[in-house]
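I am opening this notebook to keep track of what I looked up in one structure, going from the overall picture to single pairs of side chains.

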Amino acid sequence: MTRDELENAAESLADAAAAADDDEARDRLQNQATKFEDYATADRGPDHGQLARHEHILHDIADEEGGDVADHVDDALEAITEFRSTLEGV
């Protein structure tokens with residue numbers, strides 16, 4: 001089962017990584033993109049807690065990098081929020 005919102009988040013994060021000038025930010029964003037690619041096709045998707053941790057990391061990166069990177073991260077965060085709205089719980 002593919003979770004389209006998480007796949008969209010992964011694509012936006014890969015775009016953010018490509019736009020990053022800083023090697024550390026690029027690596028962090030690529031790592032996040034890979035995680036969301038895995039979540040998109042896993043038997044069981046991430047829970048609210050996992051997503052909250054990712055959102056915190058992504059907000060930090062967007063604040064540090066700004067510009068195009070922040071725009072792509074914002075797109076990813078929107079997709080994550082869409083996915084979270086489908087989860088039960090918190």
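**Entry 1, contacts and overall form.** I began with contacts between residues at least 6 apart in sequence, and I found that 72% of them join residues at least 24 apart. I keep in mind that what I have here is a predicted model. When I looked up the secondary structure, I found four helices and zero strands, which read along the sequence as the pattern α-α-α-α. The radius of gyration is 12 Å, close to the 12 Å that the globule rule gives for 90 residues, so I note the protein as being as compact as a globular protein of that length. Along the principal axes, the C-alpha atoms fill a box of roughly 35 × 25 × 15 Å.

I then asked myself what share of the 90 residues counts as buried. The value I wrote down is 36%. For the accessible surface I noted about 5,300 Å², with 41% of that belonging to carbon and sulfur atoms.

**Entry 3, salt bridges.** Side chains of opposite charge can pair when their charged atoms come close. I therefore looked for nitrogen and oxygen atoms of such side chains within 4 Å of each other, and by this rule I counted three salt bridges.

The pair I took up to begin with is Asp23 and Arg26, whose closest N and O atoms are 2.5 Å apart. Both residues are in helix α2, which covers residues 23–41, and because they are three residues apart there, about one helical turn separates them.

Next I turned to Glu64 and Arg28, where the closest N and O atoms are 3.7 Å apart. Glu64 lies in helix α3 (residues 48–65) whereas Arg28 lies in helix α2, so this pair ties together parts that are 36 residues apart in sequence. Which of the two partners is exposed, and which is partly exposed? Glu64 counts as exposed at 56% relative accessibility, while Arg28, at 26%, counts as partly exposed.

Last, I looked up Arg84 and Glu55, a salt bridge with its closest N and O atoms 2.6 Å apart. Arg84 belongs to helix α4 (residues 67–84) and Glu55 to helix α3, so here the parts tied together are 29 residues apart in sequence. I also noted that Glu55 is buried, since its relative accessible area is 14% and the cut-off for buried is under 20%.

Notes:
Residues numbered from 1 in each chain as written. Predicted model: local features only at pLDDT ≥ 70, side-chain atom pairs only at ≥ 80, totals over all residues. Heavy atoms only, no water. Helix = DSSP H or I, 4+ residues; strand = E, 2+ residues; numbered from the N terminus. Buried < 20%, exposed > 50% of the residue type's maximum accessible area, 1.4 Å probe, protein only. Rg over C-alpha atoms; globule rule 2.2 N^0.38 Å. Contact = heavy atoms within 4.5 Å. Areas by Shrake-Rupley, 256 points an atom, 1.4 Å probe, with all protein chains shown as cover.
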